[in-house]
Amino acid sequence: MGSSGEDEVHVNLNPALKALRALTAEASEQSFTELLTKLKELLSRKSVGDQRDLEKCKQGLYYGGILAYCSAALRFNPAKIEGSYASITQMADIISICCVGIGSVRDMEVFLNRFLPSVTENLLFLAHRLMNRALGDKGQIEILRLFRKVFDSLSWLLRAYSHLIPSVLLSKHYESVQMNEDDEVSAVTLLMWYNLFRTNSVVVSEMGRKAVSSVMDDVIYKMSSSSNPVIGSAATKILLLMIEQHSQTLRILHKHYKGLDDLVRKDWQGKGFDAALEQLIDRLQAEVPERDYQAKHSSEERVRAACVIQAVWRAYQTRCRIKKLPRAVCVLQRSFRERRRRLQEETEKRRAEEELRHQVLLRRQRAIRQFRQRQLHVMEILPADQVARYLGELENRAALLIQRMWRGYRERQRFQKSRYQLRQHKAAVILQRAILRFLKRQRSQRNILAPWKGPEGLTDSRRTELRRQIEEHISLYPSSVASVEGTVELHEKAQSMLQQHLMTRASDRAQEQHRQALLAQINTDMELLLNAPSLREATEEDAGLFLSRSTPVAVRARQSHNALLQSMRLPWWRMLGEESASQETLSHKDYEMEFESLYLGGQL
């Protein structure tokens with residue numbers, strides 16, 4: 001029954017495996033994205049089912065060479081892949097998941113000792129590439145996240161296959177990552193070892209003395225060269241886990257790192273992880289004999305411990321420098337070859353420019369020579385009386401060409417000078433256009449009226465009630481508008497009153513004129529009475545003024561007319577703010593008139 005079920009699953013997986021195998025037939029970046037999508041769909045579909053199906057699926061991916069393609073794809077050029085580093089990181093996560101829990105496969109020795117080390121090396125290559133990219137641009141936070149994800153995939157692989165740890169430690173890509181002094185990179189590597197030792201308690205005992213010493217060297221170096229509390233806390237916890245899981249670790253610490261407890265207490269006490277730090281210090285001091293513990297506090301032992309630490313540190317630096325020496329030589333040779341190649345390219349470019357300049361000069365000379373020969377030939381065939389005209393035309397053309405070139409150069413210079421003003425004007429126009437559009441939109445929004453809603457339908461009862469209210473309002477407040485008969489009657493009344501007014505207007509006007517004349521006469525008499533002398537000083541001439549009513553009026557009219565004529569002869573600026581003229585005194589001859597003929601009545 002079991003074999004038949006497995007055969008059925010294998011048959012069901014054949015179409016998907018064939019499609020994936022067809023995509024991996026050509027190891028290139030073209031089918032990477034499609035393969036990644038199908039792998040994610042396949043694994044997500046199998047992960048929710050039976051674990052046997054998932055295991056069979058992983059074995060099928062291995063047998064079909066799909067995992068080998070995925071491992072090689074970690075070295076592809078990210079620029080040619082859609083999604084760049086993010087897609088390659090997803091592929092690294094998928095291959096680590098597929099390698100863990102694959103079960104027993106054919107040629108297990110090849111899978112463990114050849115395939116898995118190649119996968120580990122490719123993962124470290126991708127981590128090294130991401131580290132260089134992240135350090136090249138400090139603002140690449142996404143690249144640092146992908147770097148952590150790759151190390152998480154590597155940690156997941158090492159948890160299941162601890163025999164890969166020595167190959168990781170011997171990898172040149174891991175060495176480059178480990179030698180980097182950036183705090184983010186150091187924290188990622190230390191957290192990988194901490195998670196590995198915390199989840200698998202037998203890893204340290206299975207690693208071997210050389211691998212344990214190498215990991216311990218890296219951890220203590222990071223602890224002594226950094227001041228980041230995250231690195232210090234992770235290194236302290238790693239050392240505690242290694243001491244708890246392997247008894248030989250404490251002996252190695254006492255043998256190779258004397259005085260480590262004092263260094264740890266001096267550099268890391270009060271940084272937020274004092275409990276773990278005190279536990280590490282207690283472990284380091286627990287196995288030391290009492291006499292050694294007392295002697296360690298003496299000055300001689302402190303000096304010796306300092307010398308040992310310095311010697312170990314200098315030895316470690318020397319080893320690192322020696323390891324870097326071949327790489328430095330390669331870098332020096334590469335830079336020298338690059339500089340020599342660049343100089344050769346510059347020399348060739350300069351030679352090509354000189355050759356081009358020489359060719360241009362030759363062509364220009366040849367063109368000038370041919371132009372002059374054509375001129376001489378034209379002058380030979382032209383009549384003598386047209387030579388001067390031809391030369392004048394040539395001079396005019398040359399002058400026009402020079403003027404055109406000069407004007408073009410001058411306008412280009414002016415344009416360069418006025419470019420800033422033009423840009424400012426263009427920006428101002430754009431701002432004004434935007435503001436005007438904004439104001440127009442605001443006005444249109446304010447002018448938008450709410451949609452009109454018609455009245456609801458009226459029922460018969462409501463219509464009767466409204467009619468009753470209207471009739472009551474009309475009865476309480478009658479209209480002031482007259483009827484048609486009243487309007488006609490009012491019009492006839494107005495016409496009769498207008499006719500009566502027109503008939504009596506002439507008599508009213510004559511009566512008004514008579515009243516005005518009487519008022520003028522009264523005013524004249526009052527003025528004469530006010531200006532009249534006393535009876536003792538009065539003469540016959542003064543008495544004559546009161547015998548006639550027309551003589552004073554005529555004298556007054558003459559006086560006013562003379563004053564008006566006199567004011568008209570004066571300049572306009574003499575009349576501003578002044579009265580027209582002073583009243584003239586009446587002369588004697590003005591009163592020589594026939595009093596008897598003008599007498600209207602009355603005696604002295």
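**Close-up views of a predicted model**

**View 1. Helix α15 gives the most to the lining of the largest cavity, with five residues.** The model shown is predicted. The largest cavity has a volume of about 30 Å³. The count of cavities of 30 Å³ or more comes to one. Two helices, α12 (209–225) and α15 (260–268), each supply at least two residues of the lining.

**View 2. Eight side chains by name: Ile220, Met223, Ser224, Leu260, Leu263, Val264, Asp267 and Trp268 line the largest cavity.** By class, this lining divides into six nonpolar, one polar and one charged. Ser224 is polar by class, and Asp267 is charged.

**View 3. Helix α12 crosses helix α14 (residues 248–256) at roughly 55°.** Their axes come within 11 Å. That angle makes α12 oblique to α14. The crossing is right-handed.

View 4. By class, the contact has five nonpolar, three polar and one charged residues. Arg209 is charged by class.

**View 5. Helix α5 (residues 84–99) packs with helix α6 (residues 108–136) at an angle of about 155°.** The axes are 11 Å apart. Angles over 145 degrees count as roughly antiparallel, so α5 is roughly antiparallel to α6. The crossing of this pair is left-handed.

**View 6. Side chains of α5 and α6 make the contact between the two helices.** On the α5 side are Tyr85, Ile88, Thr89, Ala92, Ile95 and Cys99. On the α6 side are Phe111, Phe115, Leu116, Val119, Leu123, Leu126, Arg129, Leu130 and Arg133. By class, the contact has 12 nonpolar, one polar and two charged residues. Arg129 and Arg133 of α6 are charged.

Definitions and conventions
Residues are numbered from 1 along each chain as its sequence is written. This is a predicted model: local features need pLDDT of at least 70, side-chain atom pairs count only at pLDDT 80 or more; totals for chains, interfaces and linings use all residues. Side-chain values use heavy atoms; hydrogens and water are left out. Axes are lines fitted to C-alpha atoms, for helices over the stretch in contact, and angles run from 0 to 180 degrees between N-to-C directions. Helices (H or I, at least four residues) and strands (E, at least two) are DSSP runs, numbered from the N terminus. Angles under 35 degrees count as roughly parallel, over 145 as roughly antiparallel, 65 to 115 as roughly perpendicular and the rest as oblique. A crossing is left-handed if the near helix is turned anticlockwise from the far one by less than a right angle, and right-handed if clockwise. Contact means heavy atoms within 4.5 Å. On a 1 Å grid over the protein atoms alone, a cavity is a set of points where a 1.4 Å probe fits but cannot get out, and a pocket is an open set with protein on both sides within 12 Å along at least five of seven lines; lining residues have an atom within 4 Å of a point. Grid points are joined across faces, edges and corners, and a volume is the space filled by probe spheres set on the points.
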